Amino acid sequence: MAASGTGLNKNTAAALSYVLGPVSGVLFLALEKDKYVRFHAMQSIVFSIAVVVLDMVLGFTIILALILPLLWIGEFIVWLVLMYKAWQGEEWELPVLGKFARQMVQKV
């Protein structure tokens, strides 16, 4: 496996870009030149922002607030899958967010 710009294996760097959400995403996006790692870093940022916005919007409605714990479990599972897929070397794209992240990486 090839090393990334940080000296880490690129799969490890891609998986670590998800660990602290937008913080690690921005860090790896700034430090990395590898397209694979940069894609996962940007997807981490986009996913984290989408999760916060979704939780805030649904949290403001009392009826939907009752399902927030289920939503959090789902978000946690997606987060784990994203890290696992990155670690396995897959460029797994989230349906809408992944395409947006790919477009943003090409612009940066």
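## Briefing: a nonpolar patch, a helix pair and salt bridges

Phe76 has 45% relative accessibility and therefore counts as partly exposed (between 20%, under which a residue is buried, and 50%, over which it is exposed, with a 1.4 Å probe and protein chains only). The model is predicted, so local features need pLDDT of at least 70 and side-chain atom pairs pLDDT 80 or more, while totals for chains, interfaces and linings use all residues. Residues are numbered from 1 along each chain, and side-chain values use heavy atoms, without hydrogens and water.

**Surface patch**
- Phe76 lies in helix α5 (helices are DSSP runs of H or I, at least four residues, numbered from the N terminus).
- Leu64, Leu66, Ile67, Leu70, Ile73, Phe76, Ile77 and Leu80 make up a nonpolar surface patch with about 790 Å² of accessible area together (residues over 30% relative accessible area, without a salt bridge, nonpolar side chains joined within 5 Å).
- Helix α5 (residues 68–87) contributes the most to this patch, with five residues.

**Helix pair**
- The axes of α3 (residues 35–59) and α5 come within 12 Å and cross at roughly 180° (lines fitted to C-alpha atoms over the stretch in contact, angles from 0 to 180 degrees between N-to-C directions).
- The two helices are therefore roughly antiparallel (an angle over 145 degrees).

**Salt bridges**
- There are three salt bridges (a Lys or Arg side-chain nitrogen within 4 Å of an Asp or Glu carboxyl oxygen).
- Glu90 pairs with Lys85, with the closest N and O atoms 3.4 Å apart.
- Glu93 and Arg102 meet at 2.6 Å, N to O.
- Through shared partners, salt bridges join Glu91, Glu93 and Arg102 into one network.

Methods:
Patches are made of residues with over 30% relative accessible area and no salt bridge: like charges are joined within 9 Å, nonpolar side chains (Val, Leu, Ile, Met, Phe, Trp, Tyr) within 5 Å. Accessible areas come from the Shrake-Rupley method with a 1.4 Å probe; for residues, only the protein chains shown count as cover. Angles under 35 degrees count as roughly parallel, over 145 as roughly antiparallel, 65 to 115 as roughly perpendicular and the rest as oblique.
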